[in-house]
Amino acid sequence: MIRPSLRGRAVSIVAVALTVLLTACGGGSTDDPHGVDISSGDKRVNLVAFAAPKPAFDVAIPLFRETNPDVGFSQSYGASGDQSRKVARHVPADVVNMSVAPDVTRIVKAGLIDKDWEKAYPRRSVPFTSLVAVVVRPGNPKGIHDWADLLKPGVEVVTPNPASSGSAKWNLLAPYAALSNGGQEPEKGLAFVKELIRDHTTVSPGSGRDATSAFESGQGDVLLSYESEAVLLQRQSEKEGKPRPEYFIPPQSFRIDLPVAVVNTAQSPEAAKRFVGFLFSPEAQRAIPRSGFRAGDPAIAAETAHQFPAQPQRLWTVDELGAVLGKGTAAKNNGKDLTGWPAVDAALFGDKGTIAAAYKNGGK
């Protein structure tokens, strides 16, 4: 969604998006991460993922193939909601990695993933995580240090559209949870989000990766993003000799859980399960933080925390927020209150969700 008053800015966003698309479609961009062949092998795993985790898989897949050279990979990356809808429409996929659990649920409803998929692997099938981060221009010229600073006059914020992007949902959950005390005071959290949308969100790209590209091209003063995207943006700026943007984790932020699942129509189910199982191994868990994502294993996450300069004082989770927002929903849910993502999605992002309505009404 692009605000009408800023429609002219769409031109540069389209240009950025085309550049990203052409780069992604260039020879070997997904088959040869860092110049390492990952496509050869007697068995094949077709990975369909949201836009951001390519750096994590660029680490994990070559590492997996060191002891599993019989498995070759093809990859597709895009906005989480869009990728989920494609797989639900039977676009070929063997393994999916989505930004939010509801995007996996959509594929479950299509009959392509088992209903108990969260129990298939540790930690509800979440191999790696990230945190919601705030990225600012070099030197932080707008003086952004916490969520309230985003509402300063003249501050322009880049964040994706939650209609297509799971990243956008996480980005909004962080300030919502912080301002609402974990959902206890929902009107305060919603008031913040409405003002952010109405007065400060300049563009809403389709995915987290597109939002990063828009910010990199000069759009906005602040980017809301995964910590992993912030790390990638800094590395890319250094590589290109550009001034390095800064990022920080606000005192209160949100843990981003990024689930993975094996699709029932996988062409080689054994290979797909072997790879997903590897993602949870200590070897993979210790390697993945090199990509900017945090290990899903709490012990290894603590062990590798020194690789991440920013640590929040309070980290909210979907389970915490869902426990509050789901209270009183039993009458419409077979006698049980909604919890976790079902509760959060219904209250905030679903057809009757308050944040979804705010987006439709331009923050009003």
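Modeller: Happy to! Please keep in mind that this is a predicted model.

Colleague: How many salt bridges does the count come to?

Modeller: A pair counts when a side-chain nitrogen of Lys or Arg lies within 4 Å of a carboxyl oxygen of Asp or Glu. By this rule, the total is 19 salt bridges.

Colleague: Which parts of the chain does the pair of Lys43 and Asp70 link?

Modeller: Their side chains form a salt bridge, with N to O at 3.4 Å. The two residues are 27 apart, so the pair links distant parts of the chain. Lys43 belongs to strand 1 (residues 43-50), while Asp70 sits in the loop between helix 2 (54-65) and strand 2 (71-78).

Colleague: Which residues are linked with Lys43 in a network of salt bridges?

Modeller: Lys43 pairs with Asp70 through their side chains. The network holds that pair and two further names. Linked with Lys43 are Asp70, Glu270 and Arg274.

Colleague: How far apart are the closest N and O atoms of Lys188 and Glu185?

Modeller: Both residues are partly exposed, Lys188 with a relative accessible area of 45% and Glu185 with 28%. They form a salt bridge, and the closest N and O atoms are separated by 3.0 Å.

Notes: Residues numbered from 1 in each chain as written. Predicted model: local features only at pLDDT ≥ 70, side-chain atom pairs only at ≥ 80, totals over all residues. Heavy atoms only, no water. Helix = DSSP H or I, 4+ residues; strand = E, 2+ residues; numbered from the N terminus. Buried < 20%, exposed > 50% of the residue type's maximum accessible area, 1.4 Å probe, protein only.
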